[in-house]
Amino acid sequence: MIPIHYNTRNLFVRWRPTLLTALCFMLVVALLVVMLAFVQGLNELSKKSGPEGNVMILRDGATDELFSDLADNVNLSKLWLHPEVLPHLQGPNEKMASREVYSIATQELPPKKEGDRPTYRFLQVRGVEDPEVAGAVHGLTLKAGRWLGRDGNEIVLGEGIARTLGLEIGNEFEARKPLSWRVVGIMDSKGSPFDSEIWAKREEVGRNFGKDNNTPGQEQRFFTSVVVQTPNAATAQKFSEVLQDRQKDIRVNVLPERRYYEAMSESNQMFQVAALFIAIIMAIGGMFGLMNTMFAAVSQRIKDIGVLRIVGFRRWQILASFMLESLLLAIIGGGLGIAIGYLVNGIEQVGFMSAGQGGGKTVVFNMLVNKQVIITAAVFTLVMGLFGGFLPAFAAMRQRPLEALR
Amino acid sequence: MKIFLLVLKNLRRNKLRSVLTAAAVIALVAIFSIIRTVVLGLDSFTEEKSGSVRVIVSDRYNIMMPFHRRYLDDIIRPGSTLHDQLKAECEFDREKHTLWHFVIFSLDKDMKDKDQQFFLLATLPDKILTMTDDLGADDVDPRAVELMRNPPRSGMPNSGIVMGELILTKLKKKVGDRFKAWAIGHRKGTALREPIEMDFEIIGAIPMSNRWNGMGFMDYAYLDKTLNAEKNEFDGRIHYGWLEFKDKATAEKAGIMIEKHLPEMKAETASTAFSRFLAPLKNVLDGIKYLLVPAIVGVMILILGNTFGITVRERFTEMAVLKVLGFSSRRILLLVLGEAILVGTLAGLLGAVVTYGLINGLGGIALPNFPPMRMPSAIFWWGPVLGVFTALAGGIAPAISACRVKVANVFATVA
């Protein structure tokens with residue numbers, strides 16, 4: 001086999017094209033890593049949605065709790081009097097069910113200048129009946145303060161929204177006129193879908209954010225979801241199937257909570273496809289650049305190739321040598337690209353998850369450069385190097401010794 | 001002219017290198033054009049168009065929450081204080097209004113099959129073609145208005161619907177079909193809250209190329225009557241009211257007047273409302289503008305710089321001979337830059353033409369919840385300009401290196 005230092009020396013001697021080609025690869029791969037880190041960060045959220053035994057109950061046909069409404073006069077506990085379900089809700093799991101109202105409110109912000117119009121921003125608000133139970137069901141604890149009580153206008157914030165709004169324990173906050181809330185707690189919710197949520201009393205959310213029917217004569221309170229905790233994922237799946245079949249009494253859509261958030265992550269697939277598409281097109285450009293470099297290297301070393309053939313090296317060894325050189329070049333650039341792309345690991349971002357039906361959820365998450373991202377980028381680099389170097393290596397292999405030396 | 005001929009000759013000498021470089025530039029111009037089209041498309045939703053401007057009236061504190069229609073009636077009813085004020089100060093024409101109420105239906109009564117779901121927008125039929133962006137008489141037969149009110153086959157008043165071809169394909173329906181559907185979010189006012197059942201006849205189709213191809217329009221009168229009969233909580237309510245004004249300044253003024261008069265309502269221009277919906281995507285858009293686009297330009301510069309760097313180093317002897325023959329350093333610089341610019345320009349133009357033909361031939365770039373974005377004709381100068389810019393940036397260093405060639409050093413090496 002042709003010694004590898006023949007190739008490394010060439011890369012060193014022809015350092016300018018080596019540098020430019022490696023920089024090219026570095027940009028393409030770094031961009032790929034950044035885009036995939038964004039997607040992975042969003043995907044990771046669905047895994048932190050809460051204990052894997054949680055089951056989410058929505059109104060039938062609803063795939064987004066924003067568009068779900070379960071009337072509170074419907075006795076949902078009838079659902080889990082079923083003999084298959086009841087044993088799982090005894091002992092420590094008894095009463096581990098949280099009835100919630102989720103809404104997206106529009107908060108009015110004062111105008112930036114005198115005479116300007118006010119601006120608005122969206123706030124994700126969740127009304128809970130028993131905040132401690134809700135926290136336990138969702139696997140959330142408090143980072144600071146306490147859970148909201150039954151008296152007064154108290155709220156608990158996710159860490160992310162607290163940071164966004166610049167609020168701390170004890171601050172007052174006006175979600176809408178004349179509703180003023182006081183922050184009493186901040187959840188340890190980083191990396192979960194609840195990080196951008198404001199938790200308040202169910203009645204206040206229902207009354208003030210349009211989830212209750214206040215029409216005289218038609219008064220009705222609604223929940224958007226009920227989340228029930230079961231011991232494990234297998235029980236959650238079984239529980240969902242059993243309840244889903246009991247459609248004649250109560251019309252509901254029941255699914256494991258993890259599946260609900262995974263479905264919301266499906267919108268990330270669009271980002272992932274877009275990221276790969278962009279990276280592939282840029283890689284095609286990069287590969288042509290590599291081909292240029294390697295073709296130039298081959299044409300400048302035709303005499304070398306002739307000599308190598310005469311001293312006994314075979315065609316396939318010539319091919320392998322130049323392919324290796326191409327791969328080395330790709331690895332140098334790709335390695336630098338992965339290292340630079342890794343710098344975005346942990347950076348906080350705001351994203352959007354949606355399961356269709358026009359709804360969705362704004363989430364705060366951290367970009368994630370994990371093993372999957374690095375392996376994808378590494379494979380990408382090697383494929384670029386292989387495709388970019390093959391034709392020049394093939395051309396080198398086909399050189400006839402005597403013609404090369406003439 | 002001689003320099004141009006020399007440039008052409010030099011590029012032909014190593015056709016493979018010229019073709020590979022051009023191919024790389026074409027690929028990168030293609031991706032740049034696609035990205036720029038998407039960014040411009042999204043920006044267009046958040047910018048006011050010239051000419052008449054629409055105002056959306058909605059609930060002030062809740063997103064997508066139906067509000068009572070009487071608020072809109074207060075605005076459009078002649079004789080009401082607000083209407084008269086808008087007419088006097090903002091030249092408001094009450095005919096230039098419409099309303100929207102969104103309904104999700106399913107053909108599956110049990111609502112288990114997501115593929116059987118579709119959106120209908122309940123609105124005023126006679127305002128569909130005049131008050132809906134990007135939907136005009138070229139897209140939908142103007143007779144559809146009458147047919148929506150009096151569908152020919154079913155005979156049920158107001159039950160005609162117009163649907164997008166994309167959704168018709170998905171549901172395996174066609175114009176003339178009659179069917180029952182069940183409203184997912186609109187329920188009877190009974191204890192069991194069963195879904196409300198409605199009958200429809202498809203009386204028209206919206207073309208696949210149109211942004212509304214994924215949903216349909218129904219007569220609000222039919223929905224209103226049904227919700228009332230079924231004692232649904234959304235009876236008499238709408239999601240949005242739309243008003244049209246002559247320009248942005250008037251629309252803003254009208255918005256302030258409406259909000260002052262109706263404190264429960266928000267009245268803002270459509271572009272302002274869309275900007276808020278796009279706010280969660282701000283990071284993505286910033287990443288595209290400030291990371292992705294510069295990276296693409298950077299890769300193009302590197303590729304062109306690499307190619308012409310190799311070319312110049314191979315031709316040092318030739319450059320020395322040119323100098324001996326009387327070529328000035330400036331002419332040699334122009335020669336090398338000329339080669340780079342010619343490759344960049346032609347490849348950029350070819351990339352633009354190919355991408356324009358491919359993307360627009362396929363109907364544009366389709367993103368979920370957005371209309372297809374077609375490439376603007378401005379791409380025909382983006383491509384060449386990008387090619388020239390990157391050729392200059394990448395080719396300048398090799399060109400300077402070429403014009404600084406020292407004849408004595410070159411011939412000493414050769415000797």
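**Exercise 1. Compare the radius of gyration of chain B with that of a compact globule of 415 residues.**

Solution. Start from the reference: a compact globule of 415 residues would have a radius of gyration near 22 Å. Chain B has 31 Å. The radius is taken over C-alpha atoms, and the globule rule is 2.2 Å times the number of residues to the power 0.38. Next, take the extents: the C-alpha trace of chain B spans about 100 × 50 × 40 Å along its principal axes.

The model is predicted: local features need pLDDT of at least 70, side-chain atom pairs count only at pLDDT 80 or more, and totals for chains, interfaces and linings use all residues. Residues are numbered from 1 along each chain as its sequence is written, while chains are lettered from A and ligands numbered from 1 in the order in which they are written.

**Exercise 2. Describe the make-up of chain B: its helices and strands, its buried share and its contacts.**

Solution. Count the elements: chain B holds 15 helices and 11 strands. Helices (H or I, at least four residues) and strands (E, at least two) are DSSP runs, numbered from the N terminus. Then take burial: 44% of the 415 residues of chain B count as buried. A residue is buried if 20 or more other C-beta atoms lie within 10 Å of its own, exposed if 12 or fewer, and partly exposed in between; C-beta atoms are placed from the backbone. Last, contacts: among those in chain B with a separation of 6 or more, 78% join residues 24 or more positions apart. A contact needs two C-beta atoms, placed from the backbone, within 7 Å.

**Exercise 3. Place B:V343 in chain B and find what it touches.**

Solution. Locate B:V343 first: it sits in helix α13 (residues 329-361) of chain B. Is B:V343 buried or exposed? B:V343 counts as buried, because it has 25 C-beta neighbours inside 10 Å. Now look along the chain: B:A22 is 321 residues apart from B:V343, yet their C-alpha atoms are separated by 6.1 Å. Leaving out residues up to four places away in sequence, B:V343 touches B:L11, B:S18, B:T21, B:A22, B:V25 and B:A391.

**Exercise 4. Characterise the packing of α1(B) against α13(B).**

Solution. Two packed helices are described by the angle between their axes and the distance between the axes. The axes of helix α1 (residues 2-13) of chain B and α13(B) come within 9 Å and cross at roughly 60°. Therefore α1(B) is oblique to α13(B). Axes are lines fitted to C-alpha atoms, for helices over the stretch in contact, and angles run from 0 to 180 degrees between N-to-C directions. Angles under 35 degrees count as roughly parallel, over 145 as roughly antiparallel, 65 to 115 as roughly perpendicular and the rest as oblique.

The crossing of α1(B) and α13(B) is right-handed. A crossing is left-handed if the near helix is turned anticlockwise from the far one by less than a right angle, and right-handed if clockwise. On α1(B), the contact uses B:I3, B:F4, B:L6, B:V7, B:N10 and B:L11. Its partners on α13(B) include B:L342 and B:V343. By class, the contact of α1(B) with α13(B) has 9 nonpolar, 2 polar and 2 charged residues. Ala, Val, Leu, Ile, Met, Phe, Trp, Tyr, Cys and Pro count as nonpolar, Asp, Glu, Lys and Arg as charged, and the others, Gly among them, as polar.

**Exercise 5. Find the phi of B:E91 and of B:N158.**

Solution. B:E91 is not a glycine, yet its phi is positive, about 55°. B:E91 lies in the loop between α4 (81-90) and β3 (97-106) of chain B. B:E91 is exposed, with 12 other C-beta atoms within 10 Å. For B:N158, phi is near 65°. B:N158 lies in the loop between α6 (144-149) and β5 (160-164) of chain B. B:N158 is partly exposed, with 19 other C-beta atoms within 10 Å.
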